[in-house]
2 protein chains.
Amino acid sequence: MRTTAVYISTIICLLTSWNLAAFEYWQVLPKQPIIPASNPQTKEKIELGKKLFFDTRLSIRGDVSCNSCHNLAMGGDDDGAAMNMLGRNVTRSAPSVWNVGYMSTYFWDSRAASLEQQAEEHLLDPRIMAMQNAMLLESRLKNIKGYVTIFENTFKDKQISLDNISKALASFQRSLVVPNSRADQYIAGNKAALNDKEKRGYQLFQDQGCLGCHFGTNFAGPAPGPGLKMGDAFYELYPTIRGSQYEEKYDMLSDLGSFHVNLDPEHKLMWRVPSLRNIADTAPYFHNNAVNDLHEAVRVMNRVQFNYPITEEKVDDIVAFLKTLTGVYPKIELPRLPESDGVSLVQ
Amino acid sequence: MRTTAVYISTIICLLTSWNLAAFEYWQVLPKQPIIPASNPQTKEKIELGKKLFFDTRLSIRGDVSCNSCHNLAMGGDDDGAAMNMLGRNVTRSAPSVWNVGYMSTYFWDSRAASLEQQAEEHLLDPRIMAMQNAMLLESRLKNIKGYVTIFENTFKDKQISLDNISKALASFQRSLVVPNSRADQYIAGNKAALNDKEKRGYQLFQDQGCLGCHFGTNFAGPAPGPGLKMGDAFYELYPTIRGSQYEEKYDMLSDLGSFHVNLDPEHKLMWRVPSLRNIADTAPYFHNNAVNDLHEAVRVMNRVQFNYPITEEKVDDIVAFLKTLTGVYPKIELPRLPESDGVSLVQ
């Protein structure tokens, strides 16, 4: 991980020293994310993944589905739901699942290298879906005739396995693309796509330093591609500048980020850089949902990452720019889930 | 309420003594339920109600929507979810919302006379959506610009009010119709719609006595119409025959049903008769989710309501008939919910 961190630092130095036009480091959202060779997209797998995504029976008590915290009727996140659910002890915000296939690393602390790995971990995490083990989950789905048939028709090995469940979920998530934001239109060459205020905001976004981390396809650092393989972590120290009034106010120091994963002291307070796409639709902000308002999030970031002077007018301009990152959400038909035919499998 | 109970008893006596062909007391599901004059259906109101139905911001912590417990991806019920959610202390099963417009009375204990009244109560119930009062809910929605516009375009008084929220939710729920079950086809005259086993099951359903309560449009007693106005309660004693082994096993005596509403000793253990439409898709069964399996539910009902001898073969025939009551679910497009634009309203 240290190698990657160094690699990433080099990118940031280059960006900063060259001071190039920011959009050279941004790009119109590609039509689909990179698909791993080990899990090619198929229509059947995406459809199955959609059913599983909405199926509460993947949780031990049958009370939540993936969609409960990654709500596709909204910004693909939870509006605080995950941390607000009594009895679950979730301590981190659910990031948006829209455009998640363009990320190079998963979880706030960057502990999963792929969507498949992330899905497996969620299913078995005692605070989330809380299946004690793979067999319990598999046997529950094996009792649903409809799923038996669908898995048979979807996978060569025809098996209902944690591996196939995770693959289907990942395939569906890679289909969750929100294209054509006004920022995308601007990047593509339509200079009228942003108004003057938004253009000022874009320039400030670059000048204040935000671009140092929020570049690339997903405004979240480098996407996998030449020189960066899927799963290479990209994380930054937050807060970088210590001692501000925000540390206590927004509880910045109690969760140590990727340190909890690798116990490497250099990773204390290191966090994956979150995507800024559709950011206006994903309040509250930060790993712990501590900041309710996008204006305040910009103030906080400016203070604890750069500590450059900034006026309220400039904050407002940056927020105006950030709102142009909201794309056009595709329509989602609610799947019909196979029934267990007169029997409840949830106890 | 006593008057109604007597009225209903008369209907049952007539049914029993005439011993008429049961389907004369059943009917093909009408295209839509009776629409109250105080809340006419409009396309706009149904669309708004759908958004509200899926919107977790209607709950105090933003963690559940109506759909969390009345899941439209499945049988419109909760598969145990409501009672399984830690910290909520819900003690009763969430009945199916599909075809709910054909009921004449709402809640297991029959305490609401309309879907509108039921919606209001759910929104303010501290165990469910837990909004402390109407103003809190209204002010939350008033902070979502998209809703302000939609309410303006939907209601003459243009107001975001608990009354209008409940009306929109009720309108959407009245649109949730699941027609064309094989039983409907049979009732309509297609005698080939049921196979021999299912026909035997139907005859047993009548002979054992199930029809005494499970008749009418929704197989749940009389629907509103001539002689019965919306909100007239239809409830039955459960268990009727006391002393069986099931009382303790399935905890039949701790919740006293409509007695808790009116404190009338005659209403101890009185319950609204649940619909049998789509019953195979709504396990677990009974007000307390105590019975997991439809076969067992039939055994239990036969024992505690009639105590007639019944063989396992006959139970299986009745279950086969009950499974013909599953209709064709309409497609539901997931609504897109208006965003609060860079601010979280849930604390």
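User: At what angle do helix 13 and helix 14 of chain B pack?

Analyst: This is a predicted model, in which local features need pLDDT of at least 70, side-chain atom pairs count only at pLDDT 80 or more, and totals for chains, interfaces and linings use all residues. Residues are numbered from 1 along each chain as its sequence is written, and chains are lettered from A and ligands numbered from 1 in the order in which they are written. Helices here are DSSP runs of H or I, at least four residues, numbered from the N terminus. With axes 9 Å apart (lines fitted to C-alpha atoms over the stretch in contact, angles running from 0 to 180 degrees between N-to-C directions), helix 13 (residues 294-306) and helix 14 of chain B pack at about 115°.

User: Which residues of helix 14 of chain B does helix 13 of chain B meet?

Analyst: Contact requires C-beta atoms, placed from the backbone, within 7 Å. From helix 13 of chain B come Leu294(B), His295(B), Val298(B) and Arg299(B); their partners in helix 14 of chain B are Val315(B), Asp316(B), Ile318(B), Val319(B) and Leu322(B).

User: How many residues of chain B are in contact with chain A, and which elements give two or more of them?

Analyst: Chain A contributes 43 residues to this contact, and chain B contributes 43. The elements of chain B giving two or more residues to that side are helix 4 (81-84) and helix 14 (312-323).
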